[in-house]
Amino acid sequence: MIALLLALAQAAGTGPAADVAAPAPAPPPYAMPGEEAVAPYTPDPRNLGARPFAGQAMARAFHGRAGIERIVTRMVADARADPAISEIFVNQDMVRLRRTLTEQICAILNAGCTYSGRDMASAHKDLGIRRADMNRLVELLQHAMTAEGVGFAAQNRLLARLAPMHDEVVER
Ligand code: HEM
């Protein structure tokens with residue numbers, strides 16, 4: 001009888017078996033399928049590095065997440081082909097860079113994304129990025145935004161939110 005009661009309690013999840021510790025929560029997906037492994041880090045809203053816009057005007061100006069993805073794809077491809085800065089991107093995971101950069105810009109523009117990547121200082125540590133490299137990447141971003149048909153006022157509003165990240169990205 002006792003055995004039967006125990007079996008029933010276990011089946012109901014109230015017996016001794018229910019005392020078994022719950023499995024630890026799964027770690028965050030540091031890397032998504034198709035990306036190279038990265039050292040564990042703590043995803044944090046502050047990693048975004050900028051205050052997101054309110055309202056939908058900026059998201060509309062960039063044609064939503066799809067437009068942002070096109071801009072990032074073009075900018076990353078141009079950076080990899082650019083004689084002045086291509087070297088910095090050699091042996092880096094472009095699949096991850098495209099995903100996290102799209103997430104970041106999309107989150108800043110309030111276009112419906114959460115940024116899951118690293119903070120800007122950790123992401124650019126030891127890359128040896130100089131002020132001129134930063135200026136060149138901004139030019140390529142401007143070119144990609146113009147190709148997407150984003151107006152200049154909206155372009156400049158985004159660039160103003162990215163500009164303060166300079167100190168975390170550029171090495172002195
Ligand atoms: C405001 C300017 C910039 C922003 C917002 C930005 C954003 C990002 C983001 C979101 C990541 C990925 C973070 C992650 O993997 O968790 C990243 C990585 C990277 N960025 Fe930037 N970036 C900026 C400037 C630059 C510049 C100027 C260069 C070089 C010219 C550059 C080169 C790279 C490279 C090579 C990586 C890959 C590093 C790695 O995987 O270890 N970034 N950046």
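By class, how many residues of the shell around the ligand are nonpolar, polar and charged? In this predicted model, the shell holds 13 nonpolar, 5 polar and 4 charged residues.

In total, 22 residues surround the ligand. Gly117, Arg118, Ala123, Asp133 and Met165 are the closest of them. Three helices, H4, H5 (120–124) and H6, supply at least two shell residues each. The most comes from H4, which gives 5 residues.

The interior comes next. In soluble globular proteins, nonpolar side chains tend to be buried together. Here the largest nonpolar core is made up of 24 residues. Within this core, Phe62, Ile68, Val72, Met75, Ile105 and Leu109 have the most contacts. At least two core residues are supplied by each of helices H2 (57–61), H3 (64–81), H4 (94–108) and H6 (131–148). H3 provides the largest share, 6 residues.

Val72 shows some of the contacts in detail. Leaving aside residues up to four places away in sequence, Val72 touches Arg98, Leu101, Thr102 and Ile105.

Is Ala66 buried or partly exposed? Ala66 is partly exposed, because 13 other C-beta atoms lie within 10 Å, whereas a buried residue would need 20 or more. Ala66 and Cys106 are separated by 40 residues in sequence, and their C-alpha atoms are 9.5 Å apart in space.

Terms used. Residues numbered from 1 in each chain as written. Predicted model: local features only at pLDDT ≥ 70, side-chain atom pairs only at ≥ 80, totals over all residues. Core = buried A, V, L, I, M, F, W, Y, C linked by C-beta atoms within 7 Å. Buried ≥ 20, exposed ≤ 12 C-beta atoms within 10 Å, placed from the backbone. Helix = DSSP H or I, 4+ residues; strand = E, 2+ residues; numbered from the N terminus. Contact = placed C-beta atoms within 7 Å. Near = placed C-beta within 6 Å. Nonpolar A, V, L, I, M, F, W, Y, C, P; charged D, E, K, R; others polar.
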